[in-house]
Amino acid sequence: MPFSPLAEGNEMQVRAPNGQSLTVDTPQPFIGGWAYLIWAHGPTGGIRFQVTPAGSAELVAKQLGDWPRYTVREAQWNGGRMLSLEDPENGGTNMVWVGPHNEVATFFNGTGVPFENFMDILAKFDIRDTPEGLTMLPRAGSNLTLGNLLAVNTIDQVCNVQVKPIADASEAIPRSTGKRVRGGSMWRVDERNEAGAVQTRSAFMVNDTAATTVVAARPDDARFISVVESISCRLS
Amino acid sequence: MRAFLDSLAVLSFLGTVLLLFAFASLLNMVRELQGKLLTAQAAAPAAPAVRTVARFGSDDGLPTFVLVVSEHCPNCRERAQHLSAVAEAGLPWHAVLLASADRCAEWAADSHVLPVIDAALVGTLAVGATPSLIRYSADGTEEWRRVVGSDDDLDAYLAVSPSERSNA
């Protein structure tokens, strides 16, 4: 079971890969630990990383039925398992380092990718894995900067929650005045199909630190409304 | 009684503050050490991995494959057992299992793989990940090293010639 530290009430504080604290107060518990997407930008372009609770990549691949297709390789690196999940059909390879609490994964084009390529990338970061989260700060001299953090979690059967730093979302903020809710200013976004029925309902809310998108599992679910009115997400 | 409790409260508060000071000075010490370590690292880069090991040379002109394994690593054990299974007498190479823990020698028991338990040597070779396969020429010079992620990879690496797979 992924670790989800719960303080009093339903407030939880976790550590994002860039070292920021993510504080979330929610009326209903999340299904599991947080998953993060983060990019490391350098002189030769960007590398995307996924940081998730340990074992997620293997579990998800098995659930989706992708696992038998993969050529699986495994080794030991820095006190954790290192997996290479090679997909011959799509000509790509997912490399995962599984730490004691969380794991970090990235994608390589092509097959037959040596573990050394992944180790060379990981060695550019100071990786610390704790129950509160995995941080991967670029080492001095690596010429890398972290950006485009996205934290994702799910409240089972109700909604999906996506949090990003406010600085990355400034263009997405509507000019109209949002509704005041506990988590900041909120706008409702309905995507309708051709017949005019609501296909996807979501809420976008911002405060001084974070921009949060809450996507409803079912558009007319009252529990979704109550989550939107009471959830609060902050990055610091 | 009230005064007594008050003084107790003040004392415990002072105690906390003192603890905080102690903690802060400890933090400072750690930061200083970290700073010194950083400057030390910048001044002297890490010693390069040893690339020549005389004991992995051979008298018969044949190369030697060294599988470097660690103790708490299930796939190291699987690779070691696979190496033991494929290493037969008369093959054009020698095979060595290198580890720092005695227990690992059992993984190559009753085979043509020579177990070498030498923690200091493992340290100087400085392989990044385990299991890693290193190929040495007859004079004990390292030709290449690779992380071995599966038995198939191990078979492939054992079959290749150094010219086909040059690696830093």
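**Sheets, helices and the contact between chains A and B**

The contact between the two chains takes 13 residues from chain B and 11 residues from chain A, where two residues count as in contact if their C-beta atoms, placed from the backbone, lie within 7 Å. On the side of chain B that touches chain A, the elements that give two or more residues are helix H2 (74-86) and strand E5 of chain B; helices (H or I, at least four residues) and strands (E, at least two) are DSSP runs, numbered from the N terminus. The residues of this side of chain B divide into 5 nonpolar, 6 polar and 2 charged, with Ala, Val, Leu, Ile, Met, Phe, Trp, Tyr, Cys and Pro counted as nonpolar, Asp, Glu, Lys and Arg as charged, and the others, Gly among them, as polar.

The model is a predicted one, in which local features need pLDDT of at least 70 and side-chain atom pairs count only at pLDDT 80 or more, whereas totals for chains, interfaces and linings use all residues. Residues are numbered from 1 along each chain as its sequence is written, while chains are lettered from A and ligands numbered from 1 in the order in which they are written.

The model scores ipTM 0.76 and pTM 0.79. For chain A the mean pLDDT (the predictor's confidence in each residue, from 0 to 100) is 91, and 96% of its residues reach 70 or more, while for chain B the mean is 82, and 70% of the residues reach 70 or more. Over residues 1-8 of chain A, pLDDT stays under 50. Where pLDDT is low, the predicted coordinates should not be read in detail.

In chain B, strand E4 (residues 132-136) is joined by 5 bridges to strand E5 (residues 142-147), and the two run antiparallel; strands are taken to pair if DSSP finds at least two bridges between them. B:Tyr136 stands opposite B:Glu142 in E5(B). E4(B) and E5(B) form a hairpin with 5 residues between them, and B:Gly140 in the turn has a positive phi of about 85°.

Helix H2(B) also packs against another helix of its chain. The axes of H2(B) and helix H4 (residues 151-159) of chain B come within 10 Å and cross at roughly 45°, where axes are lines fitted to C-alpha atoms, for helices over the stretch in contact, and angles run from 0 to 180 degrees between N-to-C directions. H2(B) is therefore oblique to H4(B), since angles under 35 degrees count as roughly parallel, over 145 as roughly antiparallel, 65 to 115 as roughly perpendicular and the rest as oblique. In this contact, B:Glu78, B:Arg79, B:His82, B:Leu83 and B:Val86 in H2(B) meet B:Asp151, B:Leu154 and B:Leu158 in H4(B), and these residues divide into 4 nonpolar, 1 polar and 3 charged.

Chain A contains an open sheet of 12 strands with antiparallel pairing, in the order E5-E6-E7-E8-E4-E3-E11-E12-E16-E15-E14-E13. Strand E5 (71-77) and strand E13 (179-181) of chain A each have a single partner strand, so one side of each is left without a neighbour in the sheet. The twist of this sheet averages 25° from one strand to the next. E5(A) is joined by 7 bridges to strand E6 (residues 80-87) of chain A, and A:Glu74 stands opposite A:Leu83 in E6(A). An open sheet of 3 strands in chain A has the order E1-E2-E17, with antiparallel pairing, and its twist averages 15° from one strand to the next.
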